[in-house]
Each structure stands twice: as structure tokens, then as C-alpha cells.
Amino acid sequence: MNWEVNFKNPLLYALILVQMHLYTGLFITAHDAMHGTVSSNPKLNKLIGQLCTALYACFPFSSLYTKHHEHHQYVHTDKDPDYSEGNFFIWYLNFIKQYLSWWQVVLMASIFNLLKIWVPELNLFLFWVLPSLLSTIQLFYFGTWLPHHGEHANKHQSSSQRKNHILAFLTCYFFGYHFEHHDSPGTPWWRLWELKNS
């Protein structure tokens, strides 16, 4: 976090993308905790889920848990908190509004200003704020928009990206295999590739 920023150094952009991918992984771990697959111990599972959602964006795990299970139960309907009509940007903004509250923004702004005591502001922005914001787009695009946009002739109202395990991992920790996730929500992210047939 105290690295001297040089915008001409290509490593800067690689590090931002790595941070983005790691933030996405943090949320995917919380997501797996919502399905009880992080630990067979329910208390530990919930603790890890809460830790991940707090580190991601000060989210309360219980609220995300409720909304995510509503998504699975009411997928692609008016009761689905992840579903929206309209283009990508309208859907994304509605998606963010569903999950982000004013007190989270205040808390994250307070943490940012506290961290500025020890970390240069530009570094905080480039290696914390920017990657976390980009990861919301990554999660939304590959984990919500692509799989649920449009109409689907299957019971889970979701599509699935083509079989390519490297691309599936890099884009969203195999959550592009979205039909497979809905068909087997108890399968953790690191085993979703095993369910992909074509």
C-alpha cells in the first residue's frame, strides 16, 4: 500500500486487476458461506461469511443471506432482488441500490479517512477503492447480468457460459457456470467446473 505509484509502469495495472480478482474471490467466499459450503460447522461458516462481507464492503451477512436465498427461490421474478428490467446500467444501479445502504458508505468513508493516516491517498484509491468497485462490476456482469439477462427456457431461468475452465475461473470463479450453480447450490465454487458438461 506504500508502493510508489508510476502510471507508466504496466505492473500498476496488473496489480489493480489482481486486487479486483481477489476482491471478487472475497465475495465468492461469502457467497459460499451463504450456501453453507465454507465449513461444515454452521457457526464457523457464518463467522467466515460475516468476516468476508465486512471486509468486502461492510455488508451485514444476514441481510445478504436473506436476499441471496430470495434470488434462488424467486429467480427472474418481481420477488428476485437480483433481477431488474432494462439495460445493463439500469440493472446494475438497481442491483447496487438493493444491497448498499447509506451507513455502509459512511463507514467505508470513515475507514478510508482513517487509513489515510498511514497510507497515501492515491494508493488507497488505486489498490482498495478502485479494485473493489471494479469487482462489483465483475460480479454483476458475470454472475448476474450474463446468466439472467433475457429469457431462458429452463427451470432456473439462467444461462451458462461455454466450457472453458481457465476463462470461467478468471472471469468469476466459475460462476459463469451459472445454471450449474442454480442446479446445485450446495456445490462450492471450486467444484462448479466438475458439473459443467458442455
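Visitor: Does Asp-183 count as buried, partly exposed or exposed?
Guide: In this predicted model, Asp-183 has a relative accessibility of 40%. Buried means under 20% relative accessible area and exposed over 50%, with partly exposed in between (1.4 Å probe, protein chains only). Asp-183 therefore counts as partly exposed.

Visitor: At what pLDDT do side-chain atom pairs count?
Guide: Residues are numbered from 1 along each chain as its sequence is written, and side-chain values use heavy atoms, with hydrogens and water left out. Totals for chains, interfaces and linings use all residues of the predicted model, whereas local features need pLDDT of at least 70 and side-chain atom pairs count only at pLDDT 80 or more.

Visitor: How many salt bridges does the structure hold?
Guide: Side chains of opposite charge can pair when their charged atoms come close. A salt bridge here is a side-chain nitrogen of Lys or Arg within 4 Å of a carboxyl oxygen of Asp or Glu. Under that criterion, the number of salt bridges in the structure is four.

Visitor: How many residues apart in sequence are the parts that Lys-155 and Asp-183 tie together?
Guide: The two side chains meet in a salt bridge with an N to O distance of 3.6 Å. Lys-155 lies in the loop between helix H6 (121-148) and helix H7 (165-172), while Asp-183 belongs to helix H8 (residues 178-183), so the parts tied together are separated in sequence by 28 residues. Helices (H or I, at least four residues) and strands (E, at least two) are DSSP runs numbered from the N terminus. Lys-155 is exposed at 65%, and the sequence separation of the tied parts is 28 residues.

Visitor: Which residue forms a salt bridge with Glu-180?
Guide: The closest N and O atoms of this pair are 3.5 Å apart. The bridge links distant parts of the chain, with Glu-180 in helix H8 and its partner in the segment after H8, 16 residues apart. Glu-180 is buried at 11%, and the partner, buried at 8%, is Lys-196.

Visitor: How far apart are the closest N and O atoms of Glu-121 and Lys-116?
Guide: Glu-121 counts as partly exposed at 46% relative accessibility, and Lys-116 counts as partly exposed at 33%. Their side chains form a salt bridge in which the closest N and O atoms are separated by 3.8 Å.

Visitor: Are H1 and H6 parallel, perpendicular or oblique to each other?
Guide: Two packed helices are described by the angle between their axes and the distance between the axes. Helix H1 (residues 10-34) packs on H6 at about 60 degrees with the axes 8 Å apart; axes are lines fitted to C-alpha atoms, for helices over the stretch in contact, and angles run from 0 to 180 degrees between N-to-C directions. Angles under 35 degrees count as roughly parallel, over 145 as roughly antiparallel, 65 to 115 as roughly perpendicular and the rest as oblique. H1 and H6 are therefore oblique.

Visitor: How many charged residues are in the contact of H1 with H6?
Guide: Contact means heavy atoms within 4.5 Å; Ala, Val, Leu, Ile, Met, Phe, Trp, Tyr, Cys and Pro count as nonpolar, Asp, Glu, Lys and Arg as charged, and the others, Gly among them, as polar. Among the residues that meet are Leu-12, Phe-27 and Ile-28 in H1 and Trp-128, Pro-131 and Leu-139 in H6. The contact divides into 14 nonpolar and six polar residues, and the number of charged residues is none.

Visitor: Is the crossing of H4 and H6 left-handed or right-handed?
Guide: The axes of helix H4 (residues 88-99) and H6 come within 11 Å and cross at roughly 115 degrees, which makes H4 roughly perpendicular to H6. A crossing is left-handed if the near helix is turned anticlockwise from the far one by less than a right angle, and right-handed if clockwise. The crossing of H4 and H6 is right-handed.

Visitor: In which loop is Cys-58 found?
Guide: Cys-58 is not a glycine, although its phi is positive, at about 60 degrees. Cys-58 is buried, with a relative accessible area of 13%. The residue is found in the loop between helix H2 (42-57) and helix H3 (61-73).

Visitor: What is the phi of Phe-174 near?
Guide: Phe-174 lies in the loop between H7 and H8 and is buried, with a relative accessible area of 8%. For this residue other than glycine, phi takes a positive value near 70 degrees.
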